[in-house]
Amino acid sequence: MSQSGEKRTCQNCQNEFLIEPEDFSFYQKIQVPPPTWCPECRLVRRLIWRNERELYKRKCDKCEKSIISIYPEVYVFPVYCRDCWLGDQWDPTTYGQAYDLGKNFFEQWLELFHKVPLQCLFIGGMRVNSDYTNLSADNRDCYLIFGGKDNEHVYYSKNVVLCKNSLDILSGVNLELCNGNTDCEKSYRLFFSRQCENCTDSAFLYDCRNCQNCFGCTNLRNKSYCIWNEQYTREKYLKMMEEFNIGSYENLQKLSDKFSGLTERAIHKFARFINVKDSTGDNLRNARNCKNCFEIFGSGSENSKYTHWVVQNVKDSYDNYGMNMAERVYETTAIGFDQLENSDYKFDFLVKGSNRAEYSYNCTNCSDIFGCIGLRNKQCCILNKQYSKEEYEKLVLEIKSSMNEKPFTDVSGRVYQYGEFFPPEFSPFAYNETIAQEYFPLTREKAVSHGYKWKERAGRNYKIDIEAKDLPDDIKNAPDDIVGKAIGCAHQGDCNEQCTEAFKIIPDELAFYRRMNLTLPRLCPNCRHYERQKQRNPMRLWHRKCMNVGCPNEFETSYAPDRPEKVYCESCYNKEVY
């Protein structure tokens, strides 16, 4: 290995990727071999296990009551409602199986996966009148939110915290009476805006702070009564706002198009960093030595790489999506998310409050487990079978050796020895059911060619009451009986965005649109979510130079070189904006 690292060929995409010296040190420290997949392919492989928003009606396989689940009834494994799964009427260790050193580990794990009951949804804390939510906790009167905590009357949103009476939010904190925002926080009556903070009674803002009564503006600080970045008197501003009338769909589309052009011409900081040192990526806060990381919030995260969506305090970890309060973690999805100690995880999904867990799924408060599913408060278990500490340690070493001697080969010919995450074909979900499709969209043909599953569109078994094009243009003309009607999504399923083809307006939603003077939506909630997702930069980095004339600074940025925006280094950005 040279001082600059070592190049390898990804066995998935066949592209070269670099393993740097510090990477080798990390792999040696946690006793795993170097990866055979490149960082992006590793991320996709993990995301294929994360279905957030595809929900199904089915029966609990224990109490038989009707439930909402991320697993349809056609799946081979049993699915329990939350009460049954958390109850003491069943014991995951009864499904335990003795490990056969003559067989491949991954195949034995899959056998267990098809037997142990799974939880219908992943919900924590209290949930009040919020059945249609997933990967969330402590929500009240919420509908179709995915990834959220402590919200009230929030609908059709993702990754929202402490929000109230808001709709169609992507990544929002402390929002109230808001609609259509992406990456905004601490705002009130803010609509169709991106990357804004402490803004009130405004719409179509990009990268604004502490603004009130502003419309169609970018890069503003501490302003009021501005339209298209021009200052107006209060009287003139209010008169122009009446003329704009975003309660009209036709008007809204024209204003949205104009705002898109203005946003392209705005100044864009190369990355959204706050109190960040020696790090690369985007949207990082209070992070130190975090490389190629995205969406790190809270405090205390350091010495990590290829890690995404961290709540706080993650250390010495590589290749993770969705984590909190953990250290020495590698190749996991959705781990931690509690105030308990979490450490030494490898190749896990939905494991929390645990230590020294490998190749395990949905386990809580465990230690020294390998290849386990659904365990709670257990230790020294392999494939859900209990062992003494001495037996456990001896057998784990033998299993790792046998995984290298008898590797698993998937349908695409990719080889899995010890140190690889689960094969994509083991995931119960199709590619286009998961967030892999949100971040790395593929066509059906491309997904299948990579060996991924694909969910075919089901035949429509319902009647469309009104097509999107036939909805009233102005919210003032929306009739009361629009509630509950099947509205045809304007995409009509001709997109790659998990389109449901039809949607309904719920009573609180109609009341919100009327109160805020906002027109009725023309797209289903999934397609609206994808529209917001497109506003965010990809989880990729390019090496670029500051575009301010004469500035020599260079940086890693999530703005691709062929994009039209003006991308500045932090120093030049601050001089222009502040």
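Is Glu565 buried or exposed at 9% relative accessibility? This and other close-ups of the predicted model are described in the legends below.

**View 1. A salt bridge between Glu565 and Arg563.** The closest N and O atoms of the two residues are 2.8 Å apart. Glu565 counts as buried because its relative accessibility is 9%, with under 20% as the limit for buried. Arg563 has a relative accessible area of 24% and is therefore partly exposed.

**View 2. A salt bridge between Lys158 and Glu52.** The side chains meet at 3.2 Å, N to O. Lys158 belongs to strand β10, whereas Glu52 sits in the loop between α2 (39–47) and β3 (56–59), so the pair links distant parts of the chain, 106 residues apart. Both Lys158 and Glu52 are buried. A search of the whole structure finds 50 salt bridges.

**View 3. A salt bridge between Arg444 and Glu456.** Here the N to O distance is 2.4 Å. Arg444 is in helix α9 (residues 444–449) and Glu456 in the loop between α9 and β35 (466–467), twelve residues apart. Arg444 is partly exposed, with a relative accessible area of 36%; Glu456, at 46%, is partly exposed too.

**View 4. A network of salt bridges.** Its members are Arg42, Arg45, Arg46, Asp319, Glu331 and Glu420.

**View 5. Aromatic pairing of Phe26 with Tyr318.** The whole structure holds 60 aromatic pairs. The ring centres of Phe26 and Tyr318 are 4.0 Å apart and their planes lie at 10°, so this pair is stacked. It ties together helix α1 (residues 21–30), which contains Phe26, and strand β24 (residues 318–323), which contains Tyr318; these parts are 292 residues apart in sequence. Phe26 and Tyr318 are buried.

**View 6. Aromatic pairing of Phe408 with Phe426.** With ring centres 5.2 Å apart and planes at 65°, the pair is edge-to-face. Phe408 is in strand β33 (residues 408–409), and Phe426 is in the loop between β34 (415–416) and α8 (436–439). Phe408 is buried at 8% relative accessibility, and Phe426 is buried at 5%.

**View 7. The largest nonpolar core around Phe204.** Of its 77 residues, Phe204, Phe215 and Ile246 touch the most other members. Leaving aside residues up to four places away in sequence, the contacts of Phe204 include Phe191, Phe192, Phe215, Ile246, Leu252, Leu255 and Phe259. Another core, of 66 residues, lies apart from this one and has Tyr80, Leu350, Tyr361 and Leu395 among its members.

**View 8. A nonpolar surface patch.** Val161, Leu162 and Val173 make this patch of about 200 Å². Leu162 lies in the loop between β10 (152–161) and β11 (164–167), and its relative accessibility of 41% makes it partly exposed.

Technical notes. Residues are numbered from 1 along each chain as its sequence is written. This is a predicted model: local features need pLDDT of at least 70, side-chain atom pairs count only at pLDDT 80 or more; totals for chains, interfaces and linings use all residues. Side-chain values use heavy atoms; hydrogens and water are left out. A nonpolar core is a set of buried Ala, Val, Leu, Ile, Met, Phe, Trp, Tyr and Cys residues joined through side-chain atoms within 4.5 Å. Buried means under 20% relative accessible area, exposed over 50%, partly exposed in between (1.4 Å probe, protein chains only). Contact means heavy atoms within 4.5 Å. Patches are made of residues with over 30% relative accessible area and no salt bridge: like charges are joined within 9 Å, nonpolar side chains (Val, Leu, Ile, Met, Phe, Trp, Tyr) within 5 Å. Accessible areas come from the Shrake-Rupley method with a 1.4 Å probe; for residues, only the protein chains shown count as cover. A salt bridge is a side-chain nitrogen of Lys or Arg within 4 Å of a carboxyl oxygen of Asp or Glu. Helices (H or I, at least four residues) and strands (E, at least two) are DSSP runs, numbered from the N terminus. Rings of Phe, Tyr and Trp (its six-membered ring) pair if their centres lie within 6.5 Å; planes under 30 degrees apart count as stacked, over 60 as edge-to-face and the rest as tilted.
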